[in-house]
Structures are given as structure tokens and as C-alpha cells.
Amino acid sequence: MKFCNCMLLLSLVLCVSAQNWFTNAGAFIRDAYRGAGDMWRAYDDMREANYKNADKYFHARGNYDAAQRGPGGAWAAKVISDAREGWQGDISGRGAEDTRQDQEANAWGRNGGDPNHYRPKGLPSKY
């Protein structure tokens, strides 16, 4: 009887622990998915605005919005930003300095900095 009680107690502890892990993993995935959506929205707005010198603002805003979702959103923002800058620096030929400045704006937003720090004068308030 003692063995059965011990096994039941151990099973309950393991189930509760596992459920928390699954819950946390689910929240991370949800936040990452929504963070990727925030990054896409910022990119889409940047393309729509087509405003000179607004690139860094949209980088910071996308990363800021994604990171506000939590660890999953911050992770998605970093992965997407790094992939984009890797492509841009290696393939599109924008140059190392532009990539460095973009990554600075990405980190600024991801770390909670106000994206308006990079907002150019005259950018419509819609953005």
C-alpha cells in the first residue's frame, strides 16, 4: 500500500510539473507567432509608408512590439532581425555600416527603447 501511495504522489508531482512546462512552452510559441506578426506589420508599414530615412524607426518599432509579447516575441524578433540583416548584408549589398545601424535599432527596440527615438520628422502619425 505504501508503494502505491508513493507512486500516486510521484505521478501527481510529475504531471503538475509537466503541465507547467507545456503551458510555458505553449505561451512561448504563441508569443513567438504573434511577435513574428508584429515584425511583419512593421515591415508592411515601412513598405507602405515608403518614407525616406524611416527604416531605422520601423526596425525599432517591430522589435519593440514583438518583445512586448514576452520571451517568445523577443526571440522571434531577434531571429527575424538577424536573418534579414544577414541577407541584406551578404546579398543585397547595402553595406556593413547600414547593417550595423539596423542592428542597433533592432536591439534598441527589443530592449524596450522607445522606437520614436528613430522616428524621422514628417513621418505620418498613422505609423
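Guide: In this predicted model, a residue counts as buried under 20% relative accessible area, as exposed over 50%, and as partly exposed in between.

Visitor: How many aromatic pairs are there?
Guide: Ring centres must lie within 6.5 Å for Phe, Tyr or Trp to pair, with the six-membered ring used for Trp. By this rule, the number of aromatic pairs is five.

Visitor: Which helices hold phenylalanine 28 and tryptophan 75?
Guide: These two residues form a tilted aromatic pair, with 5.8 Å from centre to centre and 50° between the planes. Because the partners sit in separate helices, the pair ties together parts that are 47 residues apart in sequence. Phenylalanine 28 belongs to residues 2–49 and tryptophan 75 to residues 71–92, which are, respectively, helix H1 and helix H3.

Visitor: What is the angle between the planes of tryptophan 40 and tyrosine 43?
Guide: Tryptophan 40 and tyrosine 43 are three residues apart in helix H1, so about one helical turn separates them. Tryptophan 40 is exposed, at a relative accessible area of 54%, whereas tyrosine 43 is partly exposed at 31%. Their rings form a tilted pair, 5.5 Å centre to centre, and the angle between the planes is 45°.

Visitor: Which residue has its charged end over the ring of tyrosine 57?
Guide: Tyr57 belongs to a cluster in which ring pairs also link Phe58 and Tyr127. At 5.0 Å from the centre of the tyrosine 57 ring sits the charged end of arginine 119.

Note on methods:
Residues are numbered from 1 along each chain as its sequence is written. This is a predicted model: local features need pLDDT of at least 70, side-chain atom pairs count only at pLDDT 80 or more; totals for chains, interfaces and linings use all residues. Side-chain values use heavy atoms; hydrogens and water are left out. Rings of Phe, Tyr and Trp (its six-membered ring) pair if their centres lie within 6.5 Å; planes under 30 degrees apart count as stacked, over 60 as edge-to-face and the rest as tilted. Helices (H or I, at least four residues) and strands (E, at least two) are DSSP runs, numbered from the N terminus. Buried means under 20% relative accessible area, exposed over 50%, partly exposed in between (1.4 Å probe, protein chains only). A charge sits over a ring if NZ of Lys or CZ of Arg is within 6 Å of the ring centre and within 35 degrees of the ring normal.
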